[in-house]
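We will go stop by stop.

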Amino acid sequence: MSYYSDASSSEDAADELETLGWYHFDLSRHAAEALLLSNGSDGSYLLRSSNEGSGCYALSVRAKDSVKHFHVKRTSSGYAFGFNEFASLHDFVSHFANQPLLGSDTGTLIVLKCPYPWRVEEPSIYECVRVHTAIQTGRTENDLVANAPSLGTKEGYLVKQGAVVKSWKQRWFTLNRHELKYFKDNTCEEPIRTLDLRACSAVQFDYSQDRVNCFCLVFPERTFYLCTKTGVEADEWIKILRWKLSQIRKGQ
């Protein structure tokens, strides 16, 4: 399939971009970070739509244990990225085939090594069943509770108690690897704070606050109190956070 089209209209330009194998159209910033950190490698990158308006995109790049984001702008004459402007999508893609070196405002240098495809093929290899027997009897579907999501990530709104003024405010939380971040809302790109779960000693239900569905994370310098809308949500957050702590203690 061709990477580019001879059509000049903006509608055709949008169609042309969708033929790019590493363009993740509706992937959010947080989801891109979770995807690259969980499944990518150092130098993996992808292109996604930005929430800054029409013709605005973001190049998300994994740099060791973090993900950096860079602006890409579609102009009337091509694609603008960094100090360069490319006349066509073909020229833009060809530039990335040379594994360019990218420097950020923070001084980080990143080699763009390999694009992360939006469609990942599953190998067609299956095992044949040779043994199939029940190890335990009397169990029902109610006993089948997952220990944690497959990628170990989670995001959603929680209500958090303030540190000094003990008021409660809704915040957007994202969990990935050993970091629990919270933002003012799910449109903000910079977190208010990042909690390193390697310093967390316990996660448990809390009944000391005048609220229901409350749980807490215990850190040396502070205990964070969080609430959910339902008991099921609180249970889900506690289970995955406890699983994270167990993995950290195992050194994984």
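The tour below starts with the whole chain and then visits single sites.

**Before you start**

This is a predicted model: local features need pLDDT of at least 70, side-chain atom pairs count only at pLDDT 80 or more, and totals for chains, interfaces and linings use all residues. Residues are numbered from 1 along each chain as its sequence is written, and side-chain values use heavy atoms, with hydrogens and water left out.

**Stop 1: the whole protein**

Show everything as a cartoon. Helices (H or I, at least four residues) and strands (E, at least two) are DSSP runs, numbered from the N terminus.

Now switch to a surface. The accessible surface comes to about 15700 Å², and 50% of that belongs to carbon and sulfur atoms. Such areas come from the Shrake-Rupley method with a 1.4 Å probe; for residues, only the protein chains shown count as cover.

How much of the protein is buried? Buried residues make up 37% of its 252 residues. Buried means under 20% relative accessible area, exposed means over 50%, and partly exposed lies in between (1.4 Å probe, protein chains only).

Contacts also tell you about the fold. Among contacts between residues at least 6 apart in sequence, 44% join residues at least 24 apart. A contact here means heavy atoms within 4.5 Å.

**Stop 2: S50, in a loop**

Select S50. It sits in the loop between β2 (44-49) and β3 (56-63). Is S50 buried or exposed? S50 is buried, at 16% relative accessible area.

A polar atom of the S50 side chain lies 3.2 Å from the backbone nitrogen of E52. Then show C56, Y57 and A58: S50 is in contact with these, leaving aside its neighbours within four places in sequence.

**Stop 3: helix α3**

Select residues 89-97, which form helix α3. Colour L89, F92, V93 and F96; these are its buried residues. The buried residues fall within an arc of 95°, so they line one face of α3. The arc is taken from the directions from the helix axis to the C-beta atoms.

Move on to Q99. This residue follows α3, and its phi is positive, near 50°.

**Stop 4: a nonpolar patch**

Select L101, L109 and V111. Together they make a nonpolar surface patch of about 290 Å². Patches are made of residues with over 30% relative accessible area and no salt bridge; like charges are joined within 9 Å, and nonpolar side chains (Val, Leu, Ile, Met, Phe, Trp, Tyr) within 5 Å.

Zoom in on V111. It belongs to strand β8 (residues 109-111). V111 counts as partly exposed, at 32% relative accessibility.

**Stop 5: W237, in helix α4**

Select W237, in helix α4 (residues 231-249). W237 is buried, with a relative accessible area of 3%.

What does W237 touch? Not counting residues up to four places away in sequence, the list is K154, E155, G156, L158, F173, L175, L180, F215 and T228. Pick G156 from that list. G156 is 81 residues from W237 along the chain, yet their C-alpha atoms are separated by 9.7 Å.

**Stop 6: C227, in strand β16**

Select C227, in strand β16 (residues 223-227). At 3% relative accessibility, C227 is buried. Its contacts, leaving aside neighbours within four places in sequence, are L158, V159, W168, R211, V212, N213 and C214. Draw a line between the C-alpha atoms of C227 and W168: they are 9.1 Å apart in space, and the residues are 59 apart in sequence.

**Stop 7: salt bridges**

How many salt bridges does the whole structure have? A search finds nine. A salt bridge is a side-chain nitrogen of Lys or Arg within 4 Å of a carboxyl oxygen of Asp or Glu.

- E236 and K154: their closest N and O atoms are 3.4 Å apart. This pair links distant parts of the chain, with E236 in helix α4 and K154 in strand β10 (residues 154-161), 82 residues apart. E236 is partly exposed, at 40%.
- E179 and K181: the closest N and O atoms are 3.9 Å apart. E179 is partly exposed, at 30%.
- D196 and R198: their side chains meet at 2.7 Å, N to O. D196 is partly exposed at 29%, whereas R198 is exposed at 54%.

Finish by selecting R29, E33, E189 and E190. A network of salt bridges links these four residues.

Key: A polar contact is a pair of N or O atoms within 3.5 Å; within protein, one must be able to donate a hydrogen and the other to accept it, and residues adjacent in sequence count only if both atoms are side-chain atoms.
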